[in-house]
Amino acid sequence: MEKQLRRTMFHPGIAELVGEISSLVRMIESPEELRTTLEEHIDDVDRIRQDIINDQTAGDGVLRTVGDTLASKLFQGRTRREYVMITKCDTCATDKRRQRAATSKTKVPVPAADYLYEHEFNSALQEGRVPKGLNPERFSLGCPNCGSTVNVTSTSNMIFPETDQPVFAIAQRVKSAGRYCEKLVDTICYDLLDTDLRTARSITDKYAFAIIMNHPNGMRDEERRRMFRRQFGLTVGDGNFGDALCYAMRDFLTASFGGAVGRVQDSIRDPKRRVSPRGMVEEYKMLQFNFGLQGRTQDDFVVEGQIKTSQTYQREQDRKSAISHEAYVEVENQLRQEMFMRVPRARVAYEILMRLFASERQV
Ligand SMILES: [Zn+2]
């Protein structure tokens with residue numbers, strides 16, 4: 001159990017809650033009985049609410065440390081920060097005349113003074129104020145078509161170099177933002193009850209950073225190769241240049257951080273194939289790994305790291321692409337609904353968690 005919880009990277013309070021719910025879900029087969037037991041069991045709601053906030057803040061803090069450390073190694077000279085929100089207008093989405101323009105999600109970059117914590121961002125939205133650290137002149141939640149308030153569907157902290165460099169940006173993202181209970185229930189139920197469905201989910205899945213390689217950008221491969229060698233002291237290999245750049249960055253990370261880079265999943269060599277809404281098959285190529293700065297962060301947490309090209313990054317945000325983030329979240333939701341059908345106990349656990357989280361949101 002300890003190994004599992006550590007892998008799942010929870011703040012101690014939440015790790016304990018997840019552990020308790022896990023053992024009850026494992027012991028009690030009847031959904032009705034499980035519901036009654038959980039209702040009785042989870043009595044200290046105030047403590048759990050505070051634990052949820054602590055959990056989010058601690059994880060975000062680790063992510064920030066990782067991003068700052070990487071930025072100091074990967075960029076030369078000055079950098080700038082942006083907070084990128086992907087927003088969607090529900091009003092326009094239900095209006096036939098406007099649907100075309102509005103079902104698409106809009107990327108809104110706002111210059112940021114510092115790393116923006118997810119919890120600070122959400123509290124500011126609830127209180128109707130501009131999150132601290134964002135440029136108020138550039139921050140707006142009004143839909144450009146109809147003016148109504150948009151939904152923020154995902155957010156990233158981005159760091160860019162001010163000059164043209166081999167690394168285009170570092171993106172840091174709380175993947176569970178707005179889907180906290182979903183991630184918790186996935187962790188509890190996929191691992192315990194639905195092990196056939198997919199390989200055990202890793203909660204490194206909850207927080208992720210991506211190193212986005214600057215490719216293609218119009219520069220000749222030879223120039224790009226020299227630039228990489230000058231900055232990182234490593235040679236970019238042969239073959240597809242975007243792929244080779246990603247591998248070269250992995251080698252640089254391994255050389256710089258040693259054991260911090262673990263469990264690399266190479267979907268450049270074995271690309272994931274996805275089908276777009278228009279029936280086109282697309283390859284999703286990146287390197288994915290666990291990254292832990294042992295001893296560098298208080299809680300010795302591990303986050304998910306990715307290395308990909310800027311072209312892949314753009315496609316992830318294009319909802320017409322098979323590899324769009326939106327398509328991924330839809331598939332994830334479908335899988336979860338199917339799990340709820342097969343395992344009604346999972347739905348019970350989810351509903352209880354949602355109730356706890358909803359009360360936290362209203363505070
Ligand atoms: Zn609108």
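User: Which helix is Val-348 found in?
Analyst: Val-348 sits in helix 13, which covers residues 344-362. One thing to keep in mind as we go: this is a predicted model.

User: Is Val-348 buried or exposed?
Analyst: Val-348 counts as buried because 26 C-beta neighbours lie inside 10 Å, and 20 or more is enough for that label.

User: What does Val-348 touch?
Analyst: Leaving out residues up to four places away in sequence, Val-348 touches Pro-31, Leu-34, Arg-35 and Leu-38.

User: And how many residues apart in sequence are Val-348 and Glu-32?
Analyst: They are 316 residues apart in sequence, while their C-alpha atoms are 8.3 Å apart in space.

User: Zooming out, what share of contacts in the protein chain join residues at least 24 apart?
Analyst: Taking contacts between residues at least 6 apart in sequence, 68% join residues at least 24 apart.

User: How many helices and strands does the chain have?
Analyst: There are 13 helices and ten strands. The chain has 363 residues, and 35% of them count as buried.

User: Let's talk cores. Which residues touch the most other members of the largest nonpolar core?
Analyst: Those are Ile-211, Met-213, Met-249 and Val-303, in a core of 40 residues. Two or more residues each come from helix 4 (45-74), helix 10 (241-257), strand 3 (151-161), strand 4 (167-174), strand 5 (207-213), strand 9 (287-292) and strand 10 (302-309).

User: What does Met-213 touch?
Analyst: Setting aside residues up to four places away in sequence, its contacts are Pro-166, Val-167, Phe-168, Leu-245, Cys-246, Met-249, Ile-307, Lys-308, Thr-309 and Ser-310.

User: How many residues are in the second core?
Analyst: That separate core has 21 residues, including Ile-21, Val-25, Leu-38 and Leu-353.

User: Switching to helix packing: at what angle do helix 2 and helix 4 pack?
Analyst: Helix 2 (residues 12-27) packs against helix 4 at about 120°, and their axes are 8 Å apart. That angle is why helix 2 counts as oblique to helix 4.

User: Left-handed or right-handed crossing?
Analyst: Helix 2 and helix 4 make a left-handed crossing.

User: Which residues make the contact?
Analyst: Helix 2 brings Gly-13, Ile-14 and Leu-17, and helix 4 brings Ile-48, Asp-51, Ile-52, Asn-54 and Asp-55. By class, that contact has four nonpolar, two polar and two charged residues.

Technical notes:
Residues numbered from 1 in each chain as written. Predicted model: local features only at pLDDT ≥ 70, side-chain atom pairs only at ≥ 80, totals over all residues. Core = buried A, V, L, I, M, F, W, Y, C linked by C-beta atoms within 7 Å. Buried ≥ 20, exposed ≤ 12 C-beta atoms within 10 Å, placed from the backbone. Helix = DSSP H or I, 4+ residues; strand = E, 2+ residues; numbered from the N terminus. Contact = placed C-beta atoms within 7 Å. Axes fitted to C-alpha atoms, helices over the stretch in contact; angles between N-to-C directions. Parallel < 35°, antiparallel > 145°, perpendicular 65-115°, else oblique. Left-handed = near helix turned anticlockwise from the far one by under 90°. Nonpolar A, V, L, I, M, F, W, Y, C, P; charged D, E, K, R; others polar.
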